[in-house]
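Hi everyone, thanks for coming. I'd like to walk you through a structure today, so let me put it on the screen.

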Amino acid sequence: MDFMLQSADLSTGKLAYYVAGSGRPLLYLHSAGGVRLAKTLAELAKVNQVFIPVLPGFDGTEPHKGVATMRDIGKLAAEFIGKVIGGEAIDVIGHSFGGRAAAWLAVDHPKLVGELILECPSGFRPPTVPKPSDDPKIVRQQMFAHPERLPPDEKSPQQAAANRKVAASYHKDVDYESELVERLSDIQSLTLVLAGTSDGRVPVEADYLLSERIPDCHLIFVYDAAHNIEVDQPDRFLTVVRSFLDRGKAFIVNWGEHAVAGIDASTAASGSSTSRETLALDSRDHVHF
Amino acid sequence: MKFSFSHLMPWPYFPTAGEDWPVSNKSFIPEKATGVYEDYISAISFADECGFDWVSCNEHHMSPYGLMPNPNLLGAIMTQRTKKARILMSGNIVPLLNPLRVAEEYAMLDCISGGRLIAGFMRGIPHEYVAYNVPPNDSWGRLREACALIKKAWTAPEPFGWEGEYYQFRAVSIWPKPRQTPHPRIILSASSPQSARFAAEQGAMAGIVRVTDLDTVAGAIKIYREHAHECGWDPTPDDIMVGMYCNIADTEAEAKKNLDMGLNYFVNVLGGGIRTAQRLVVQKTRYYQDEENKEHITKRAATHAKVTIEDRIKNGIVLCGTPDQVIEQVRTIHKKWGHGITSVNMKVGKIPEPAVRRSLELFRDHVKPALADL
């Protein structure tokens, strides 16, 4: 599945974005490393129409006037959904830096977010938890449990450094965004928090904080993955995310391989959430004590 | 020095030596099993009264070698039939089991016992994998992941899911949680270099059982200590348990006779089928992962079957004799290994129950008091 680079005119400037696939739209907000068109995204695009905006300033793009904070990125994403995707509630994945932006999107624009997936989101490190090391060697270990699985076409060190600088201009080195934390209870979306068991950047305390404060939240630990689950364990990422996107709350049920195949097919064909709703009704019909 | 009373619960009525795997159960006598279990449970209870710091049982499958396919059932009984001793589960063989079931049952034992559980996460011996139809090649991967999952199940303050290589759970929130916080102390086998390194890496206690010579144990302990240091912590003597076969009697001759008979039955009669399964696993899989461990285990198994009681005593690999002799033997191994917990297995093979009880009494009256300074 090839992604095509396109551009949208938003109120704050031109926004580049990648798009691939068809079906139910899915917005993906990238990490502080910039856009990485990983295989996981191509796989998701086999069922969904996946939109990946290049957030302003990243990967050599121009910054937008008036987009200066994480909350502003959430607002930008809301405008992108309205103008480019069509304004209906769509499912959203945010990784790390993008997870924080996705959380802002969900609290400020709850009607625009269907299901929310926060993949190792930054910004929720409780003040009592020490900051991780900035030693580049250690940072790499914190980021990747399996660096050998990184694709060869990674960004140049210069671009990576520039992206980190852009990210810092948005999050201002704030590790615990208290205003956002206070508003996590406003999130109306069914939410999945994905955490790597070896993540050295986001502490487990942040995962628990999210799980505790977001009203309808599932926390899944992906074993033997660090901060970049999609690089370390792409199959595990896809298994959980595909299942969550297709079945909603019923993703906790093991349907067996054959049932899964049938549900996937009908969901993909209809491009709607009908199957999820049907499953929820079925489960209510079969409650026994 | 702390002491642990370990029980394998062997079947004492097996008729003849054999090498078949699986071991036919046609000679099993259910009516006798009731009495056997009561004898064994009573011995554990008496060990608690005799001042043992820990009591212990383990897990084995499909063999007269040990009648304990689920040690947690015995653990539950031990919570009621002992008062002070900590309860060491030197099972569960977690790669064979549902790790969440292990987490739940251990949490139950910890709560019921008032926080006396010491949680063993064992990899098991090869025949267990044949018995439960689990690929032996997966044993290390399963053990490693199960350890992480169980610890998470015990400590996570929020419901969570788990997407791993061997285990997938979408919604976990166990009831009860363990009484000890953050969780019960964990003990892992450290008999081989690979397992010693794993125990150190996990921050767990090291359990070394089936001693073939003093130097091998010393080597495993050295690896454990060094690797723990590399991992950022330094074990104390109380983190190291070594297990020995033991008989204490009023005379040296009687102790030798008891242990010789017990070991001969245990190793040569009950152990035959297990050795057959072990040979198959070692030959056909990567169970031992590397040659270092394979050599270690196969050498140990071969040696184990042939050594005489005199050689075992001379080499210091059993505790056997009068109380004074056993006291000296414990001092010798302690000097050599610097460990803090000696686990003794007194019901070796079919040593008669009165002889086991006498060993316990002599331990209580002479051995333990004399070693109070260790």
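So, to start: how many bridges join strand 8 of chain A to strand 5 of chain B? There are 3, and the two strands run parallel. By strand 5 of chain B I mean residues 160–163. One pair to look for is Phe221(A), which stands opposite Trp162(B).

Before I go on, some housekeeping. This is a predicted model, where local features need pLDDT of at least 70 and side-chain atom pairs count only at pLDDT 80 or more, while totals for chains, interfaces and linings use all residues. Residues are numbered from 1 along each chain as its sequence is written, and chains are lettered from A and ligands numbered from 1 in the order in which they are written. pLDDT is the predictor's confidence in each residue, from 0 to 100. For chain B the mean pLDDT is 93, with 94% of its residues at 70 or more. The model scores ipTM 0.83 and pTM 0.88.

Helices (H or I, at least four residues) and strands (E, at least two) are DSSP runs, numbered from the N terminus. Strands pair if DSSP finds at least two bridges between them. Chain A has 11 helices and 8 strands.

Back to strand 8 of chain A, residues 217–222. Is this strand buried or exposed? A residue is buried if 20 or more other C-beta atoms lie within 10 Å of its own, exposed if 12 or fewer, and partly exposed in between, with C-beta atoms placed from the backbone. By that rule 6 of the 6 residues are buried, so the strand is largely enclosed by the rest of the structure. Cys217(A), Leu219(A) and Phe221(A) point one way, while His218(A), Ile220(A) and Val222(A) point the other way. In a regular strand, side chains alternate between the two faces of the sheet.

Within chain A, strand 8 pairs with strand 7 (residues 190–196) over 6 bridges, in the parallel sense. There, Leu192(A) stands opposite His218(A). Strand 7, helix 7 (residues 204–213) and strand 8 of chain A make a right-handed β-α-β unit. Right-handed means that, with the strands pointing away from the viewer, the path from the first strand over the helix to the second runs clockwise.

Chain B has one of these too: from strand 7 (residues 186–189) to strand 8 (residues 205–208), joined by 3 bridges and running parallel. Leu188(B) has Ala206(B) as its bridge partner. The chain crosses between these strands through helix 6 (residues 193–201) of chain B, and this crossover is right-handed.

Now the core. A nonpolar core is a set of buried Ala, Val, Leu, Ile, Met, Phe, Trp, Tyr and Cys residues joined through C-beta atoms within 7 Å. The largest one has 183 residues, and Leu194(A), Ala206(B) and Tyr224(B) touch the most other members. Helix 3 (residues 97–108) of chain A gives the largest share, 8 residues.

Two residues are in contact if their C-beta atoms, placed from the backbone, lie within 7 Å.

Last, where the chains meet: 16 residues come from chain A and 14 residues from chain B. Strand 5 of chain B gives the largest share of its side, 4 residues.
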